[in-house]
Amino acid sequence: MRRLTLGIVTALALAATPLATTSAAAADTGPVTYYVDAQGDDSAAGTSPETAWKSLEKVNSAGLHPGDTVRFQGGDTWHGGLVITSSGTPGAPITITSYGQGRPLIAGDTLVDAAVTIANAHDVVVSGLEVTNSTDLSASKSIDYRGIFAIAKDIGEVAGVVVKDNYVHDIDGKGTSRIGRGGIVVGVRGNTTPTWYSDLLIEGNEVSDSNGYGISTFTTWCAGCEIYSPETGVPASEVSKTRKAFARPVFRDNYVHDVAGGGITPQYSDDALVEWNTVDRAAAHRLVPGGGNVGIWWQGTNRITVQYNVSRRTGFNSLNQDPTDMQGFDADMGTSGSLVQYNYSDSNAGGFFLCLISANNVTLRYNVSRRDYFRPFSLWSGCWNFRGYNNTIWGTADTVPRNRADGTKYEQPVEAFVRNQSPSGNLLFNNIFYNPARATFDCRSTCSFNGNDIPMNYGHNLYWDESGSPVVPRTDSKPIIGDPKLAAPGTELPDEGKISRADLLKVLRAYTPAPDSPAIDAGVSIGPGADILGTAVPAGPADLGAIQHPVETHAATDFGPHAEALVDGDPATSWTATKATGKIMIKYGEPRTLDGIHLLAASSGPTLVDVTARNADGEWVTQVRDRALSWSGGSEWLRVPFPAPIAATEVRVIVKAATGRVTLNEVRGTLGTVAAATATPGGSAQTTLGTSIGDIQAIDDGNAATSWASADNPKLPGTLSVNWSTPHTIDAVQVTVAWGQGQGPTLVDVQTKNADGTWTTRAADQTLTWKLNSTTPESPIIAFPAPVAAYGIRLVVKKANLIWGHLAVYEFTAMSGGSPVREDSGTDKLPDAQQAVDGDPATVWIGAEVAGTGLQIDPGAPQTVSSITLTSPEGYRPTRIRVEARAGGVWRQVLPATDLTWNGDTATVALPRTTATTFYLIVDKSPGQYALAEVTLG
């Protein structure tokens with residue numbers, strides 16, 4: 001039985017320093033433990049259970065010192081608000097916790113904004129409490145309350161706040177989605193002193209029955225972001241124009257259920273980790289009609305990792321009217337570099353995954369979605385550089401109940417398996433798609449709103465339903481059709497409670513393909529790492545879906561120990577040779593189909609190699625002889641391609657020359673197109689300036705809509721470089737930046753890379769003047785005194801506009817004769833361009849919606865041509881093109897920008913008679929996303 005005491009805090013004024021307090025004990029006596037009992041005495045010492053204090057007021061007025069602990073008697077109840085304003089130190093935090101049996105209850109009773117407040121205090125631990133703030137959970141209130149609230153204003157870094165192992169429930173509010181209100185909230189206000197939480201830990205809590213959010217963060221230091229004033233209570237005028245995000249927060253092992261808003265929502269947090277949480281029935285505890293929400297979603301974050309979470313049954317409530325939300329997971333506005341992996345999404349009313357406006361560089365891999373309704377994938381306009389691979393999406397044909405604004409109800413079917421409103425080269429590959437509803441992958445007039453979809457890029461996905469003739473998107477040139485033969489798909493989780501790791505892994509194993517599944521070895525290569533069960537991703541072709549089959553792999557060398565580091569799948573480990581030359585042997589436990597070898601070096605890689613492979617007959621066959629490799633000096637992957645795919649059980653890399661002793665991190669056999677956003681090799685761009693937003697590869701992707709931004713407060717001078725494996729003759733570079741007056745480089749040198757890996761300055765102390773501060777990109781050109789042959793280009797940034805604390809570059813492009821010069825690296829990193837030259841007009845390759853991108857054509861031998869003919873479906877026809885040709889290792893323009901005249905589905909343009917080994921068709925203008933069914937050289 002709980003014993004009661006009353007303590008009310010009616011208001012809390014935040015200042016730039018902690019609130020004045022009365023010392024409870026001398027600071028020099030060392031850490032003190034205080035006890036609080038509902039039957040205690042505030043005049044007592046409080047330093048033992050027998051001399052315990054009684055009230056919250058006594059604790060609130062106590063001047064605590066680093067290392068002090070306050071313990072509340074388990075089973076007792078206090079009414080009002082507990083306020084912590086004292087700070088600890090990293091090794092000696094202030095700790096608020098319990099003693100005895102059960103949890104102490106801090107009941108706010110809506111007498112206070114928050115039942116527990118941590119105000120302008122750092123190094124504070126709150127654990128083992130029960131917290132409520134309610135008088136009638138079933139009634140919609142005009143005020144939204146909080147359970148535990150950490151808040152700071154204009155005090156700089158706030159480190160070491162821990163909220164752990166608490167039970168927070170029954171939090172009153174309006175009963176809709178109001179960010180910054182609900183169970184556990186961490187917020188920052190003010191705009192005079194940059195303020196942020198670092199190393200925040202929210203772990204092991206249960207949050208339930210909240211008429212607001214479950215767990216959320218907010219900050220005014222968000223560079224003019226939308227602060228949601230009606231929800232947070234923060235006026236828009238308080239929002240700073242500077243961004244200072246939370247640093248490295250962790251949200252781990254929490255159980256959030258039955259809340260009106262989102263389950264877990266980090267906002268403006270960099271390098272956040274969200275893992276091993278269970279969110280159940282988010283956006284389901286509604287009291288008033290309104291839009292939806294998402295189980296786990298994030299906004300304004302950089303480099304967040306979301307993994308090993310369960311998000312289920314989001315959005316089931318008769319008052320939800322908005323069908324655009326209610327997914328399991330959402331990379332929301334302004335997020336960059338999201339890694340979403342190893343999660344389980346189950347029975348969410350709106351679908352599995354949402355990618356919203358301005359979210360970019362999203363990697364979605366090794367997840368399982370089961371029975372997610374309406375639209376498993378929703379990618380909205382402004383979501384760009386999304387890469388979804390090796391997911392298992394086990395769909396449903398069931399409907400989901402919806403409520404119209406007029407109060408009538410209806411059953412909503414699965415509208416689309418994928419909706420894609422973004423024109424920015426998003427890609428789904430190596431996935432398993434079970435689609436019993438036979439829903440479309442390309443919404444047209446059949447979909448509820450937002451008009452026609454933009455064709456998505458697909459490749460090497462498996463499609464299945466019981467009809468045996470599943471719906472396949474027209475843009476997947478390499479679909480696999482067949483029963484994936486999974487062990488027990490649809491296996492149920494326990495109906496209630498936090499999902500244990502053992503229960504989650506048991507359900508995930510039900511999606512393991514059988515040895516004879518068509519998903520085995522049916523994908524393109526992906527990066528080193530592990531699947532959702534921890535199995536190492538094999539070299540060569542990947543399996544489709546979230547689960548890989550194990551392939552034993554070993555390495556040995558004759559010129560250095562510890563060679564297993566080369567095949568351990570961990571790019572952070574390395575092997576160093578004991579002499580300049582020797583052999584690296586890679587042995588596979590089963591034959592692997594390979595078309596090349598990738599080498600990862602963090603410093604000095606080999607400069608000349610042969611590659612041999614042992615075939616199924618046990619014979620060694622030389623695949624590559626005297627391949628020269630040029631390394632930039634930073635961490636990079638280089639590919640050694642084979643003349644044709646082979647089936648091999650062993651591969652040898654024979655190092656014939658090197659600069660110093662070779663150090664390698666990984667040696668990995670690969671097969672097929674490698675997506676630029678995976679962890680697999682291929683990136684040609686590098687920087688010494690760090691990264692806060694985007695990916696450095698964006699400066700070399702031919703897409704002026706993608707960007708990279710340096711780390712905050714970068715140390716100048718610093719460099720950006722683009723490296724090539726073969727030389728190109730160039731005479732200028734072009735630097736593309738939007739918002740140049742706020743983040744553009746202003747003083748630079750331009751260098752080119754020599755054959756020996758050294759760099760030569762071609763243009764020194766070049767001033768860049770930016771006329772705009774808007775979304776419109778500017779692209780100044782820096783010319784060289786004379787053309788040079790180069791293996792790469794480097795921009796040395798000496799000064800920059802740092803209004804937002806970083807500099808940014810959208811494209812860094814080599815030029816020759818006014819035309820871009822590109823590495824011989826395929827077709828703008830979009831998959832399966834072969835369908836544009838396969839002789840079959842029924843197959844279509846989808847290009848980018850970016851001027852200056854196009855299609856590279858390699859005839860296989862020198863070819864003389866005098867015309868080019870394009871075949872394209874209506875609505876996707878380019879209207880202006882250029883053509884470049886490569887002969888003798890040098891690119892030159894053979895057709896200047898030319899408008900096309902279409903005759904039905906075809907357009908033909910005459911070229912000057914040209915003999916070349918490679919041709920590049922560049923689309924300068926199109927009505928939007930363009931598509932090519934065939935490109936024929938005549």
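User: Where is the place of Glu 636?
Analyst: Glu 636 sits in strand 54, residues 636–658. Helices (H or I, at least four residues) and strands (E, at least two) are DSSP runs, numbered from the N terminus. Keep in mind that this is a predicted model, where local features need pLDDT of at least 70 and side-chain atom pairs count only at pLDDT 80 or more, while totals for chains, interfaces and linings use all residues. Residues are numbered from 1 along each chain as its sequence is written, and side-chain values use heavy atoms, with hydrogens and water left out.

User: What does Glu 636 touch?
Analyst: Not counting residues up to four places away in sequence, its contacts include Leu 599, Ser 630, Trp 631 and Gln 686. Contact means heavy atoms within 4.5 Å.

User: New topic: how many salt bridges does the structure hold?
Analyst: There are 38. In one of them, Asp 280 joins Arg 312, with the closest N and O atoms 4.0 Å apart. This pair links distant parts of the chain, since Asp 280 is in strand 28 (residues 278–280) and Arg 312 in strand 31, 32 residues apart.

User: Are Asp 280 and Arg 312 buried or exposed?
Analyst: Asp 280 counts as buried because its relative accessibility is 0%. Arg 312 is buried too, with a relative accessible area of 3%. Both belong to a network of salt bridges that also links Asp 258, Arg 281, Arg 313, Asp 495 and Glu 496.

User: What about Lys 798 and Asp 749?
Analyst: Their side chains meet in a salt bridge, 3.1 Å from N to O. Lys 798 lies in strand 63 (residues 781–800) and Asp 749 in strand 61 (residues 745–753), so the pair ties together parts 49 residues apart in sequence. Lys 798 is partly exposed at 29% relative accessible area, while Asp 749 is buried at 10%.

User: Okay, helices. Which residues of helix 3 are buried?
Analyst: In helix 3 (residues 501–509), they are Leu 504, Val 507 and Leu 508. They cover an arc of only 100° around the axis, which puts them on the same side of helix 3. That arc is taken from the directions from the helix axis to the C-beta atoms.

User: Why would residues three or four places apart point the same way?
Analyst: An α-helix has 3.6 residues a turn, so residues with that spacing point the same way.

User: What covers the buried residues of helix 3, and what does the face turned away carry?
Analyst: The cover includes strand 31 (310–312), strand 34 (344–346) and strand 37 (368–370). The face turned away from the buried side carries the exposed residues Ala 502 and Lys 506.

User: Last one: how many helices and strands are there in the protein?
Analyst: The protein has four helices and 75 strands. Buried residues make up 60% of its 938 residues.

Conventions:
Buried < 20%, exposed > 50% of the residue type's maximum accessible area, 1.4 Å probe, protein only.
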